[in-house]
Structure formats: structure tokens, C-alpha cells
Amino acid sequence: MGDLIYQDEKKQYRLTEKGRRAYEFLVTMFTEPHDERIHKILTPRWIFEYIEDRTALIFIIVLVISSSLWILAEDYIPVLLVILPGYRAHIIPVALLPVINWLASSLILSRAVRTLFGRNVRFADVAEKTTLSFILLNVYPVLHIILSSPIVRLAIVMVVQFFSLLLLVSSVSVAARVSLRTAGLLVILLHYISVLIALTLAHM
């Protein structure tokens, strides 16, 4: 128990950072209803419990390397959670955009959790957990090369974005220790911001 609690200068017991996270995990597990089978498939929260330390570093490396795949899709760019067709990056190299999107999204989400729900969540925790969602978005350029039909490409864009959003909901739920419903509201907010930015760029 020594790594979960400590005694302060007033001889009162306090939770350490690890203890606080363990407590919030238990609260989340016991106050939320058990996920149904379909929820366990679409929003696999258990996966993100393992994304930390060395595992998180591996995911970050994969994210950075896979970001270079966007060079293959010249007329598409990622904008936070949205894939914008018919637009080319001019100022920022397209290979850097996914990394910037990941960091910006993590910052927005961590701030939103604190502002809207009063929960303290570290930017680093959100960034670690959300890597998988942005890695999935980075798969699209490969599919873009393989598929030739514009209709099929558009359908794939929607599918990739849909599953990326679901993974993001799960990751935010774990990182911030909030319910899937609350995490969903946060992701909807981020997606709304993404759409606004994408629409602005499309009309420039």
C-alpha cells in the first residue's frame, strides 16, 4: 500500500498519484453499468488500460512513422478527427499534420474534461491513450491507393472516421476516468471543432 498512500506533514493519510488513479478506476468500474457485448466490441475500454509506459511509447512511435503515409494521398489531409478531401497542405508538411492533430486533440480533450466536468486529467495521459485512434486514421492513405472508385473511397473515409471516433471515446473514458457517455460528449465536441476547421479550410 506504500505506493498508493502517504502521510503528510500533519500525519494525515493522502492518496499518491498512483493511488488517486486506482481510486478513480474503481469508482468508474463500479458506478457504470457493465458494457453489453456490442459495446465491448465497439468501445473496448480494456485495451486502453494497457497503453502506458513502454507500450505507450511504441504506439507513439508507430503513430509518428505512419503519419508519413499521408504523402500517398495528395488531395486529402487530416484535420483533427476529419479527413478533408480535395485539399493540399501548403504551409505545414502533410506528414506532420497527423502528429499535430493528435497533440492538439489531446490538449482540447484534457482541457474540456477539466473545464466542463472539473476532473483533473493530465495531457500526457490523454495523449498516450488516444494514439490508437490517430494510427487508424493514418491507415486511410494506403486504402486510398488501393481503391480507385471515388464512391468507395468516400465510404471508406466514413468507416475509418467512425471507428476512430469509437476508439477515441474508449480512450478518453479510460484516460479521464469518466463514463462512456461523458467521453462520447467530449468526442462529439472535438468532432464538431474538427468539422468547423475543415469547412473553413474548404472555403479558403
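Accessible areas here come from the Shrake-Rupley method with a 1.4 Å probe, and for residues only the protein chains shown count as cover. On that basis the protein has an accessible surface of about 12,100 Å², 68% of it belonging to carbon and sulfur atoms. The model is a predicted one, so to speak of local features takes a pLDDT of at least 70 and side-chain atom pairs count only at pLDDT 80 or more, while totals for chains, interfaces and linings use all residues. Residues are numbered from 1 along each chain as its sequence is written, and side-chain values use heavy atoms, with hydrogens and water left out.

As for the fold, the protein has 10 helices and 4 strands, these being DSSP runs numbered from the N terminus (helices: H or I, at least four residues; strands: E, at least two). In sequence order they run β-β-α-α-α-α-β-β-α-α-α-α-α-α. Of the 204 residues, 41% are buried, with buried meaning under 20% relative accessible area, exposed over 50% and partly exposed in between (1.4 Å probe, protein chains only). Taking contacts (heavy atoms within 4.5 Å) between residues at least 6 apart in sequence, 63% join residues at least 24 apart.

Now to a helix pair. Two packed helices are described by the angle between their axes and the distance between the axes. For H5 (residues 97-117) and H10 (residues 180-202), the axes come within 10 Å and cross at roughly 130 degrees; axes are lines fitted to C-alpha atoms, for helices over the stretch in contact, and angles run from 0 to 180 degrees between N-to-C directions. That makes H5 oblique to H10, the label for whatever is left once angles under 35 degrees are called roughly parallel, over 145 roughly antiparallel and 65 to 115 roughly perpendicular. On the H5 side, the residues in contact include Ile 108, Leu 109 and Phe 117, and they meet a set in H10 that includes Leu 186, Leu 190 and Ile 193. The residues of this contact split into 11 nonpolar, 2 polar and no charged; Ala, Val, Leu, Ile, Met, Phe, Trp, Tyr, Cys and Pro count as nonpolar, Asp, Glu, Lys and Arg as charged, and the others, Gly among them, as polar.

Leu 80, in the loop between E3 and E4 (82-85), is not a glycine, yet has a positive phi of about 55 degrees. Leu 80 counts as buried because its relative accessibility is 6%. Arg 177, between H9 (150-176) and H10, also has a positive phi, near 55 degrees, and counts as buried at 12% relative accessibility.
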